[in-house]
Amino acid sequence: MSDPGGSDHGLVQPVSNCYASRPVEIAPEQPDDAPAIEHLLDLAFGTDRMGKTVYKLRDGIAPVGKLGFVIRDADGSHANPIRGSLRFWPVAIGQTRVPALLLGPIAVAPEDRGKGYAKALIWHGLGVARALGHRIVLLVGDAPYYEQFGFTRALAVELSLPGWVDEARFLGLELVPGALAGVQGLVGRAE
Ligand SMILES: CC(C)(COP(=O)(O)OP(=O)(O)OC[C@H]1O[C@@H](n2cnc3c(N)ncnc32)[C@H](O)[C@@H]1OP(=O)(O)O)[C@@H](O)C(=O)NCCC(=O)NCCS
């Protein structure tokens, strides 16, 4: 397995992506993007989002640097230049601390929803994650949307989160077939 946290791979260059209704460029997130991404997330989830259970797994821990992706304003016509954002956080499952990724937050600017931006970001993010050697991805989200990427409730049924979530929305994906077999327990912080 390659080192998921490790050195440069040249895998995160901007790419056009055909999962959107027109090709969009998905670019690695840059440090300067942070304020615009926060603004997008405030709009999408509200400023009280830090109270959610998944934020217990994120608070004080950096997202996976190589797995932050954005879609930028193509023509400069919007006040917020970031039109879509996807990040992943590292987590560890159970007493044996099996490494996994927590997908999200993902958000698309309200004016740009329904164009396939989220689909493009997620397919790209999962592809890079797999190429970097990650094996398991978890998320809390709507199954009818995330099933298209292979996420299922069944794959997360032996796992729990450190707080209340609607269990039907707690989903898992194996980037490597069988990666979740026999894995069980509480999903914890990756520290
Ligand atoms: C969810 C979100 C990221 C989707 O972004 P998007 O770029 O519009 O998504 P896509 O264009 O890839 O997909 C849109 C399609 O998925 C459907 N869809 C979107 N959210 C859905 C959901 N929660 N459940 C089921 N279907 C959903 C849309 O109806 C649309 O269907 P269509 O193509 O048949 O018209 C965006 O709506 C958003 O930022 N929402 C607020 C933040 C949020 O809820 N994030 C996800 C938290 S788990």
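Modeller: The dialogue below goes from the whole chain to one helix, and then to the ligand. Please keep in mind that this is a predicted model.

Biologist: How many helices and strands are there in the chain, and what pattern does the chain follow along the sequence?

Modeller: One begins by listing the elements in order. The chain has four helices and nine strands, and along the sequence they follow the pattern β-β-α-α-β-β-β-α-β-α-β-β-β. The radius of gyration is 16 Å, close to the 16 Å that the globule rule gives for 191 residues, so the chain is as compact as a globular protein of that length. Its C-alpha atoms fill a box of roughly 50 × 35 × 30 Å along the principal axes.

Biologist: What percentage of contacts between residues at least 6 apart in sequence join residues at least 24 apart?

Modeller: Here one looks at the separation in sequence of the two partners. Among those contacts, 73% join residues at least 24 apart. As for burial, 37% of the 191 residues count as buried.

Biologist: How many residues does helix H3 have, and how far does it reach?

Modeller: For a helix, one compares its span with the expected value. Helix H3, residues 117-131, has 15 residues and reaches 21 Å from its first C-alpha to its last, close to the 21 Å expected. After H3 comes Gly133, whose phi is positive, near 100°.

Biologist: Which residues of H3 are buried, and what covers them?

Modeller: Burial is read residue by residue, and then one asks what lies over those residues. The buried residues of H3 include Tyr117, Leu121, His124 and Val128. Their cover includes strands S1, S2, S3, S4, S5 and S6.

Biologist: Which residues touch the most other members of the largest nonpolar core?

Modeller: Of its 52 residues, Val91, Leu101, Leu102, Leu121, Val137, Leu138 and Leu139 touch the most other members. H3 gives the most to this core, with eight residues. Leaving aside neighbours within four places in sequence, Val137 is in contact with residues including Leu101, Leu126, Ala129 and Leu173.

Biologist: How many residues surround the ligand, and which are the closest?

Modeller: One lists the shell and then sorts it by origin and by kind. The ligand is surrounded by 17 residues, the closest being Arg113, Ala118, Lys119, Gly141 and Asp142. S5 gives the most to this shell, with four residues, while H1, H3 and H4 each supply at least two. By kind, the shell divides into nine nonpolar, four polar and four charged residues.

Definitions and conventions
Residues are numbered from 1 along each chain as its sequence is written. This is a predicted model: local features need pLDDT of at least 70, side-chain atom pairs count only at pLDDT 80 or more; totals for chains, interfaces and linings use all residues. The expected span of a helix is 1.5 Å times one less than its number of residues. A residue is buried if 20 or more other C-beta atoms lie within 10 Å of its own, exposed if 12 or fewer, and partly exposed in between; C-beta atoms are placed from the backbone. Two residues are in contact if their C-beta atoms, placed from the backbone, lie within 7 Å. A nonpolar core is a set of buried Ala, Val, Leu, Ile, Met, Phe, Trp, Tyr and Cys residues joined through C-beta atoms within 7 Å. The radius of gyration is taken over C-alpha atoms; the globule rule is 2.2 Å times the number of residues to the power 0.38. A residue is near a molecule or strand if its C-beta atom, placed from the backbone, lies within 6 Å of it. Ala, Val, Leu, Ile, Met, Phe, Trp, Tyr, Cys and Pro count as nonpolar, Asp, Glu, Lys and Arg as charged, and the others, Gly among them, as polar.
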